[in-house]
Amino acid sequence: MRHPIHPMLVHFPVATWFLSTLGDIAGLFTHEQTSWVAGVLLVIGTTTALLAMVAGMLELGKIDQQSPAMKVANQHMMLMMTSWSLYAVSLFLRLDGTRLGQPGMVAIALSVAGLIVLCIAGWLGGKLVYEYGVGGRSDPS
Ligand code: HEM
């Protein structure tokens, strides 16, 4: 496929992870329902990120190994994997069997860390597209 599907898929984990972290923070001041919604968003984000990763790998394979974009792409990939891991552990820590429980401080801290890493990784993703033209019509890589 000429048109990359990675940019189409990334919106789901970006939006749900972001809202999930906001929900976790809000849950510190409100009732249990907010934390449950944050947990559901976390499940959606962590699952859809896997699809985005597969699509990203396909795009990665199209970049010239020697191009400067490759280094940025690898940094983007490693940070996205780190963000995924932080969110996945945060999710795991709030599970009570198969039930979503109230997140503790460690789970919330991991969620916040996941969001910070996500922002840096997303910025690098934008750099790939808008600075190096990866995935564009006149892809120089
Ligand atoms: C871990 C494996 C991943 C690899 C190898 C990868 C690779 C890439 C590549 C090559 C690009 C530039 C070309 C394109 O947009 O298709 C890109 C852009 C981007 N990626 Fe990833 N990615 C990965 C995971 C993710 C994940 C999980 C997310 C979201 C949570 C994400 C978010 C983004 C964003 C926001 C952009 C910029 C898109 C745009 O501005 O149009 N990536 N990625």
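**Helix packing and the ligand shell**

Helix 2 and helix 5 pack with their axes 9 Å apart, at an angle of about 145 degrees (axes are lines fitted to C-alpha atoms, for helices over the stretch in contact, and angles run from 0 to 180 degrees between N-to-C directions). On the helix 2 side the contact is made by Val14, Trp17, Phe18, Ser20, Thr21 and Asp24, and helix 5 brings in Ile108, Ser111, Val112, Gly114, Leu115, Leu118 and Gly122; contact here takes C-beta atoms, placed from the backbone, within 7 Å. By type, these residues split into seven nonpolar, five polar and one charged (Ala, Val, Leu, Ile, Met, Phe, Trp, Tyr, Cys and Pro count as nonpolar, Asp, Glu, Lys and Arg as charged, and the others, Gly among them, as polar).

All of this comes from a predicted model, where local features need pLDDT of at least 70 and side-chain atom pairs count only at pLDDT 80 or more, while totals for chains, interfaces and linings use all residues. Numbering starts from 1 along each chain as its sequence is written.

The chain has five helices and two strands, in the order α-α-α-α-β-β-α from the N terminus. These are DSSP runs numbered from the N terminus: helices are H or I with at least four residues, strands E with at least two.

As for the ligand, 25 residues surround it, with His6, Gly56, Glu59, Gly125 and Gly135 the closest; a residue is near if its C-beta atom, placed from the backbone, lies within 6 Å. Helix 3 gives the largest share of this shell, seven residues. Overall, the shell holds 17 nonpolar residues, seven polar and one charged.

Technical notes
Contact = placed C-beta atoms within 7 Å.
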